[in-house]
Amino acid sequence: MLLEIRNLTKVFPLGESIFGGGAKGVLRAVDDVSLGIQAGETLGLVGESGSGKSTLGRLILRLIEPTSGSIRYQGRDLLTASHAEMRGFRRDMQIIFQDPFGSLDPRMRVEDVIAEPLVIHERMSPATRRGRVAELLRAVGLGESAMRRFPHEFSGGQRQRIGIARALALRPKFIVADEPVSALDVGVGSQIVNLMAQLQREFGLTYLFISHSMPVVRYLATRIAVMYRGKIVEIGPAEQITERPAHSYTRSLLEATPEMVISGA
Amino acid sequence: MAATTISLPRAARHNPLAAIGVVLVVVFVLFALFAPWMAPQDPAFIDLPSRLSPPSSAHWCGTDELGRDILSRLIYGSRISMLVGSSVVAMSLALGLVVGSIAGYYGGRIDRFVNIVVMNAFLSFPGILLAIAFVAFRGPGIFNLVLALSLGGWVGYARLVRGQVLAAREREFVEAARALGASDLRVIVRHILPNIIQPVIVQAAIGMAGAILAEATMSFLGLGVPPPTASWGTMLNDGRAHLFDAPHLVIFPAGAVMLAVLSFNFIGDALRDYLDPRSRIEAGL
């Protein structure tokens with residue numbers, strides 16, 4: 001088991017006053033979630049917006065601090081990790097964001113965006129770093145000419161490729177893909193999904209693939225977890241979830257999504 | 001960015017006030033830098049026989065009650081104004097950036113304390129009162145003057161920066177940087193500040209005008225740079241007694257203060273218009 005989550009819960013206070021106390025209520029964004037992710041698999045996480053799936057993804061990377069529960073990565077507890085240990089974990093775990101426009105710093109050149117993880121974690125000469133950036137750009141299907149340009153000069157799909165190159169820079173083992181194709185056109189989205197599948201084979205990646213779209217998840221995932229109001233209502237092999245859903249919410253999700261054909265692989 | 005593609009003459013024609021502001025600021029800065037070579041006379045040279053003489057070809061702006069050349073004193077005075085103005089802005093800005101970034105980025109208790117207790121306390125005092133109290137306590141002098149004016153000046157920047165950081169830290173590229181393992185310092189310096197610096201620059205340009213005015217006020221009150229150093233505020237104070245018999249003693253330094261303040265305000269306004277994409281579209285730039 002690469003990653004093991006036990007009873008993970010995140011509670012957001014609602015309407016907190018400026019003096020801290022007196023919260024008017026709480027939102028259980030992630031409610032007592034337990035699941036495991038095997039090395040090399042793709043776990044699809046499906047649910048409607050607001051179901052807590054993005055929060056779960058961010059909790060796993062400790063971008064948000066959980067209220068309670070535990071996360072074990074290769075048997076080591078992430079939540080009790082020190083600052084220095086967490087830096088090590090960050091090399092192994094990366095995230096691809098939904099919004100390809102918001103996730104790249106508009107004031108940085110593509111070269112600096114992709115090189116940033118290398119600058120943070122590895123000592124290398126600028127020339128070596130440039131070489132690595134060029135390599136990463138090729139891996140995601142972009143040319144070296146992209147290096148000196150700014151993110152706003154690229155289309156959504158190209159930006160998402162830049163985001164993926166950045167996520168891959170440290171050769172991570174595990175990637176949380178938070179709705180990576182939801183903001184893209186269907187055609188561009190399927191190219192990105194195919195790219196992710198290809199990179200998974202090349203780099204031996206494990207994905208937590210978050211999406212509200214059943215067809216996209218079905219295409220990529222080996223297993224699917226269905227999330228509803230902060231809870232995992234159903235989890236199992238992709239085929240079983242899509243062909244013989246046990247939970248009524250899963251059925252309604254399947255019925256709500258129109259058929260979509262993803263071309264080529 | 002698109003900024004580099006805009007030609008200067010075109011920008012100047014479009015916004016003549018800003019162009020005037022830039023030209024005046026350049027003139028004042030040149031005065032400040034090259035005062036010894038540009039001033040026709042030693043600003044402290046006393047020539048009692050020709051005291052209080054009106055503007056003439058020998059003394060373009062006339063002489064003061066000790067017969068000192070007013071034009072020379074104005075040129076030297078711009079040194080004090082520019083030096084104090086830029087130092088005050090630099091110091092307030094530095095403090096405001098640090099405090100505002102910390103409050104905005106970390107939020108929670110730190111933010112509540114800094115924002116509600118510290119900033120409001122400073123804002124509840126008029127800045128000039130604070131400065132007067134400080135100089136009265138520490139004694140006059142250029143360094144104390146800069147400290148005194150920065151004391152009241154940093155809060156405005158801190159407030160602005162805090163608000164901007166608060167909004168910027170929620171942006172996804174900031175989260176991306178954190179996911180990469182970037183330290184807080186790196187996130188703030190490399191990602192947040194470059195993305196929020198534009199309104200801060202506008203505030204600094206307008207703040208420059210405020211600082212020059214404040215310096216003149218302090219010097220007028222005798223709490224600025226000690227004599228015989230020429231400062232516009234000191235000159236105004238010296239000329240006060242001769243407001244009616246020799247008005248040029250007051251008119252010229254007052255005009256200098258006004259022009260300096262006005263030009264920085266023009267520049268600040270133009271920068272704001274330029275950096276706000278909506279008004280830029282309206283202006284067709």
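The model is predicted, and local features need pLDDT of at least 70, side-chain atom pairs count only at pLDDT 80 or more, while totals for chains, interfaces and linings use all residues. Residues are numbered from 1 along each chain as its sequence is written, and chains are lettered from A and ligands numbered from 1 in the order in which they are written.

**Stop 1: chain B as a whole**

Select chain B. It holds 11 helices and zero strands; helices (H or I, at least four residues) and strands (E, at least two) are DSSP runs, numbered from the N terminus. The C-alpha trace of chain B spans about 75 × 50 × 30 Å along its principal axes. Of the 285 residues in chain B, 44% are buried. A residue is buried if 20 or more other C-beta atoms lie within 10 Å of its own, exposed if 12 or fewer, and partly exposed in between, with C-beta atoms placed from the backbone. Two residues are in contact if their C-beta atoms, placed from the backbone, lie within 7 Å. Among contacts in chain B between residues at least 6 apart in sequence, 68% join residues at least 24 apart.

**Stop 2: where chain B touches chain A**

Show both chains. Here 15 residues of chain B are in contact with 19 residues of chain A. On the chain B side, α7 (172–179) and α8 (184–220) each supply at least two residues. The largest share, seven residues, comes from α7(B). By class, the chain B side has seven nonpolar, three polar and five charged residues. Ala, Val, Leu, Ile, Met, Phe, Trp, Tyr, Cys and Pro count as nonpolar, Asp, Glu, Lys and Arg as charged, and the others, Gly among them, as polar.

**Stop 3: a sheet in chain A**

Now select β2, β1, β4 and β5 of chain A, which form an open sheet of four strands in that order, with antiparallel pairing. Strands β2 (25–37) and β5 (76–77) of chain A are at the edges and have a single partner strand each, so one side of each lacks a neighbour in the sheet. Two strands pair if DSSP finds at least two bridges between them; two bridges join β4 (residues 68–73) to β5 in chain A. Find A:Arg72, which stands opposite A:Asp77 in β5(A).

Axes are lines fitted to C-alpha atoms, for helices over the stretch in contact, and angles run from 0 to 180 degrees between N-to-C directions.

**Stop 4: two positive phi values**

Go to A:Asp32, in strand β2 of chain A. Its phi is positive, about 55°, although A:Asp32 is not a glycine. A:Asp32 is partly exposed, with 14 other C-beta atoms within 10 Å.

Next, select A:Arg171, in the loop between α5 (156–168) and β7 (174–178) of chain A. Phi of A:Arg171 is also positive, near 50°. A:Arg171 is exposed, with 12 other C-beta atoms within 10 Å.

**Stop 5: a helix pair in chain A**

Finish with α5(A) and helix α6 (residues 186–203) of chain A, whose axes come within 10 Å and cross at roughly 20°. Residues that meet include A:Ile164 and A:Leu168 in α5(A), and A:Leu195 and A:Phe203 in α6(A). This contact has seven nonpolar, four polar and one charged residues.
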